[in-house]
Amino acid sequence: MTLAILSALPQEQTGLRALLDQPRLEQHAGREYCLGLWAGRPVVLALSRIGKVAAATTATALIERFGVTDIVFSGVAGGLGEGVTVGDVVVASHCLQHDMDASPLFPRYEVPLYGQAHFACDPVLAEGLRVAARAVQARVESHFDASVRRQYGLDAMQVHQGLLISGDRFVSAADEALGLRARLPEALAVEMEAAAVAQVCHDYGVRFAALRTISDRADDQAHVDFPAFLEAVAGRCTTLIVGGLLDHLSQQPS
Ligand code: ADE
């Protein structure tokens, strides 16, 4: 098993690289890959940049060039579901591209010629992320300063599991978020990469899971909330939760 941790932006992985044993950098197709060991297991860290195509090329490189067998996407997202608020964590059960629409040739959201709109996450990885996120939630005061906890409501952090939707749009208007909620009522959060990576993993038979910390509510305030949250919380959440998953996996027989 070689696991990749993929994020769009460096702030979403701050701190993780320093925890790898024997780290080494490799450049490929305009991306930097950090290869190393976590508790003796091979791990690759990568940054995709933003959007579905950038995420898909990076995922493909991880599989084709670095031989990864598992990909976990970790970063931030806009909350859509009722009660999914800033500082919460969403673990994806499925992913869908909300901007895929080849109707009337195919039903809206269905990826043409795949016969499906939803791409399921690996249940073992997703459960590992959920358990790790719950462990962070239970001890949130030992992981974040009081001022950061107060600013982002982290003391009330909730862990959700369900549908994560992706599209090539930063959703920063309340009416657009409302439209997404009306059309896809089961969607918990919106971002710009996971469903593309899920599709690549489906093609290659690679296990996939995604974790998102909620940075904004995809409303008129989203572009203000997003960068500050990214700096203050996102990287630490990835390190804590994905670190928890890696520790959990390292206790399983290889
Ligand atoms: N990532 C974080 N917040 C987002 C939003 N509001 N729309 C799309 N991607 C996001």
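1. Asp-216 and the ligand. A polar side-chain atom of Asp-216 sits 2.6 Å from a nitrogen atom of the ligand. That is a polar contact (a pair of N or O atoms within 3.5 Å). This is a predicted model: local features need pLDDT of at least 70, side-chain atom pairs count only at pLDDT 80 or more, and totals for chains, interfaces and linings use all residues. Residues are numbered from 1 along each chain as its sequence is written, and side-chain values use heavy atoms, without hydrogens and water.

2. A polar backbone atom of Val-171 lies 2.8 Å from a nitrogen atom of the ligand. For Gly-78, a polar backbone atom is 3.3 Å from a ligand nitrogen.

3. Two helices. H1 (residues 52-64) and H6 (residues 194-204) pack at about 35°, with axes 8 Å apart. Helices are DSSP runs (H or I, at least four residues), numbered from the N terminus. Axes are lines fitted to C-alpha atoms over the stretch in contact, and angles run from 0 to 180 degrees between N-to-C directions.

4. Their contact. In H1, the residues that meet H6 include Ala-55, Ala-59 and Ile-63. Among their partners in H6 are Val-197 and Val-200. Contact means heavy atoms within 4.5 Å. The contact residues are eight nonpolar, one polar and two charged.

5. Burial of H6. Eight of the 11 residues of H6 are buried (under 20% relative accessible area, 1.4 Å probe, protein chains only). Gln-199 and Cys-201 are among them. Just after H6, Gly-205 has a positive phi of about 70°.

Note on methods. Ala, Val, Leu, Ile, Met, Phe, Trp, Tyr, Cys and Pro count as nonpolar, Asp, Glu, Lys and Arg as charged, and the others, Gly among them, as polar. Buried means under 20% relative accessible area, exposed over 50%, partly exposed in between (1.4 Å probe, protein chains only). A polar contact is a pair of N or O atoms within 3.5 Å; within protein, one must be able to donate a hydrogen and the other to accept it, and residues adjacent in sequence count only if both atoms are side-chain atoms.
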